[in-house]
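Student: I am new to this structure. Can we go through it step by step?

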Amino acid sequence: MRGSVNVAASTPYEVLVEPALDLADAVSAISPGASGETAILLTDSTVGPLHAPAVVAAIQRAGWDVLDTVTVPAGEASKSLSVYEGAVRGLADAGLPRGGTLFALGGGVVGDLGGFIASSYMRGIGFVQLPTSLLAMVDSSVGGKVGLDLPEGKNLLGAFLQPRLVAANLDWLETLPASEVSHGLAEVIKMGLLAGGEFFEDLQRLLEAARVGDSEALQALILHSVRYKAFIVSEDEREAGPRAVLNYGHTIGHGLEAAASYDLPHGQAIALGMLAAARLSREKFDVDLIGLHEDLLRAAGLPLKAPMTAVQPVLAAMGRDKKRRGSDQAGTHRFILLNDVGQPQRDVPVSSAEARRAIEATIAS
Ligand SMILES: NC(=O)c1ccc[n+]([C@@H]2O[C@H](COP(=O)([O-])OP(=O)(O)OC[C@H]3O[C@@H](n4cnc5c(N)ncnc54)[C@H](O)[C@@H]3O)[C@@H](O)[C@H]2O)c1
Ligand SMILES: [Zn+2]
């Protein structure tokens, strides 16, 4: 089934989400002049052997010259300056010209690294995202944020770059481990709770089928997510305000991740962060969405309890996160909470004592 979303960014682009996606056709569509386009494919050591040969063949069928495939190790550690250096030198060695295009085939790591390379190599070249993880399809490939980690913190180096095209072949998800599907679903649940309406109804109806790999359920939920994120981002491309709702579950989630020295996967951390936010929402707005959150997380194979036992390191990490963002007022956190499904509230002040209680209820005791 065909499926696409047009993203109304400063430079508009199309996001295609389809089973058996015709990539040659999609690539031809962004280069009407046909001949003369050159490309390099960036991928990682897990995704490359599985999917790169077919992707290279498709780009060639579109009449493009694929100069090389650059492969980086799978995993977050590849969003580093040393891997960046190796990869950009790979582009230079292959002779990728200023008018060239980098195709990033992989999860959010390859997308973020590839986008940062494309934004900086020769002051900017073309960029195409070929997201292969569920998280990359619903979240990281949409919105134009790209970047690298530093030893001092995640995503400290970055740029905004709109791709020429985002093309997601649902068949790629067949090789994605089940745990990674669950992690991607955490972001889908987040956006469904924020969006409400038809998206939320479909989320409740299709979540279990999506979890076990049903292609139609996945396509429907991915398209809802892309449409929602694209809408939020188009309102606020440079992240001045409204885009902050996408941080639902991330305030405590980031604290949990950091307190666990990033041993806790992001999807699990934000699942728990959303549950804690649901508790805070109940305190602030007298609306009880906790059972609803628990049902959704369970259906997606996500945890309801954090593995750690101490609250203090989580609060300390949240404090550091806040400082990094340059916020004021020691002791008060600003949360995205839900007044109801589909009704996020930004900037709700939450005291450290309130945050502590919400975290306490979420960690294993
Ligand atoms: N730019 C943004 O707006 C944005 C938003 C959210 C997250 N992110 C970033 O995304 C990254 C996380 O993305 P991720 O969860 O995709 O991680 P990832 O890229 O590390 O992928 C997860 C794992 O799955 C493997 N994989 C991916 N696709 C596969 C497939 N089809 N078959 C088999 N294995 C496959 C990868 O090799 C990797 O081992 C983080 O670095 C995060 O900061 C960026
Ligand atoms: Zn996230």
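Student: Is A20 buried or exposed?
Tutor: This is a predicted model. The relative accessible area of A20 is 57%. Exposed means over 50%, so A20 counts as exposed.

Student: Where does A20 lie?
Tutor: A20 is not a glycine, yet its phi is positive, about 45 degrees. Most residues other than glycine have a negative phi. A20 lies in the loop between β2 (13-18) and α1 (23-29).

Student: Which strand holds D347?
Tutor: D347 also has a positive phi without being a glycine, near 65 degrees. With a relative accessible area of 49%, D347 is partly exposed. Its strand, residues 343-351, is β11.

Student: Is E187 buried or exposed?
Tutor: Buried means under 20% relative accessible area. H250 is at 6%, so H250 is buried. E187 is at 0%, so E187 is also buried.

Student: Which residue is the bridge partner of L148 in β8?
Tutor: Strand β7 (residues 145-150) and strand β8 (residues 153-160) run antiparallel, joined by 5 bridges. They form a hairpin with 2 residues between them. In β8, the partner of L148 is L157.

Note on methods:
Residues are numbered from 1 along each chain as its sequence is written. Chains are lettered from A and ligands numbered from 1 in the order in which they are written. This is a predicted model: local features need pLDDT of at least 70, side-chain atom pairs count only at pLDDT 80 or more; totals for chains, interfaces and linings use all residues. Side-chain values use heavy atoms; hydrogens and water are left out. Two strands pair if DSSP finds at least two bridges between them. Helices (H or I, at least four residues) and strands (E, at least two) are DSSP runs, numbered from the N terminus. Buried means under 20% relative accessible area, exposed over 50%, partly exposed in between (1.4 Å probe, protein chains only).
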